[in-house]
Amino acid sequence: MSLGGGPKKIEPTEQERALAESAAKRHNEHQEVFVPLEDSFIASLTASKGEMEENRGAAVSDVSQALKGNDAGIAAASRGQAGQGKSVMARGMNSISGGTARGEAVAGVNLAERSRKMKGLQKMSAFGRGLQDMSNVSMADAARTASGAAINKLNVDVQKQNSKFAAVGTLAGTALGNIGSMDSLKGQLDNKFGTNFQGLKEEKQ
Amino acid sequence: MAFAEDFLKPEDTGPTKSNLIDYAGNDPQDMQAQVIRAQDRDYEERFAPLEKELIGMTKESGNKQANRAAKTLGQQNKISRQAFKRDLSRTGVALNQRQKASLSKARGLDAARNQANVENLTRRRVKDENMQSTASLIGIGRNVQQGVNRDLSTASSLQAGREAANANAKAADSAQKSQMAASVAGLALAFFL
């Protein structure tokens, strides 16, 4: 038997409801505004074919410009003999270096694309785990809230029981402390209502 | 909102409806449970695959990238050789046999040296990046582990607190029942004495 009371579920206050609704709205706003941005960022981690071609073209173009400048310099230094002897060999070596430079530039673009993707994936992995970690914190918060509510309810039950028992105890204490007065009460009852409480007591004695 | 719409391409997809929280009439604990589930779902659907892809990339040896770099170098050397020939032809310059042999030798030596060089550099760079990414992933893993310890510690403390409160409540209940029984008995006794 338990005389403990209290509601089965503790209803949230208006303030708690408002706070929770505000938080839920912000969650939904995040879903609608920022999640698409995240998706867009994730999609751009892998460069498109066009983007790669553009980057490779830019790298090749830069090297080619430098190569042309070198070639023009050699031709100018040859005093009109650009197709002769040392000049033509110098231009040939410039061409060889240019080929290597362009090849390294294109290879560098390919590696840079991989590097960018890996850095982006690192960032997303961290963000993703941050979300997961936040989720864990939220789980802990939820558990804490639930436990706090349960503990508070227990405390309230105990307090209510204590007050009921205290009332009964007070009544009993009062009675025990006033046996003499009880005899007087019984006499009055017998006289007024014709009962025989005094007689019962005398029979027992 | 307008910014996001302007920025995004039409094919970009937004959140699934299941990740939106229904807050009408729900109490805070229900909503929090919904958010927790939505966040878990979000991680599983969008971020876990990226994590797996990154882990897969960190295991690449770099050979594929090195071979690709060497091939690119060969293609660009060929383009360069052809461009040089066209340039000479356009300006009416003809190389003699000695010049041709000398340039051909230089080109061959350069190609071999640079091909080996670009392959080695590419492997080294891939390895460096793999190590950096692996280190980053290890850091993320350590943070995850710390989070696990923190959450388990919290859960254990909460459970211990609830059990203690329950034990106290039971003890109080028992004591008060005994006291009440004694009091009622005493009251009855007083009445009939």
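Helices here are DSSP runs of H or I with at least four residues, numbered from the N terminus. This is a predicted model, where local features need pLDDT of at least 70 and side-chain atom pairs count only at pLDDT 80 or more, while totals for chains, interfaces and linings use all residues. Residues are numbered from 1 along each chain as its sequence is written, and chains are lettered from A and ligands numbered from 1 in the order in which they are written.

How do the two helices lie? The axes of α3(B) and α4(B), residues 97-192, come within 8 Å and cross at roughly 150°. Axes are lines fitted to C-alpha atoms, for helices over the stretch in contact, and angles run from 0 to 180 degrees between N-to-C directions. The pair is therefore roughly antiparallel, a label for angles over 145 degrees. Among the residues that meet are B:Ala66, B:Ala69 and B:Leu73 on α3(B), with B:Ala111, B:Val118 and B:Val126 among those on α4(B); contact takes C-beta atoms, placed from the backbone, within 7 Å.

## A closer look at α3(B)

After the helix comes B:Gly92, with a positive phi near 70°.

Its buried residues include B:Gln65, B:Ala69, B:Leu73 and B:Phe84. Buried means that 20 or more other C-beta atoms, placed from the backbone, lie within 10 Å of a residue's own.

The largest nonpolar core has 13 residues, and A:Ala105 and B:Ala69 have the most contacts inside it. Such a core is a set of buried Ala, Val, Leu, Ile, Met, Phe, Trp, Tyr and Cys residues joined through C-beta atoms within 7 Å. Two or more residues each come from α2 (49-77) and α3 (85-176) of chain A, and from α3 of chain B. The largest share, five residues, belongs to α3(A).

A second, separate core of seven residues includes A:Ala24, B:Ile21, B:Val35 and B:Ala38.

## Chain B as a whole

Chain B has four helices and zero strands. Of its 193 residues, 21% are buried.

Definitions and conventions
Buried ≥ 20, exposed ≤ 12 C-beta atoms within 10 Å, placed from the backbone. Parallel < 35°, antiparallel > 145°, perpendicular 65-115°, else oblique. Contact = placed C-beta atoms within 7 Å.
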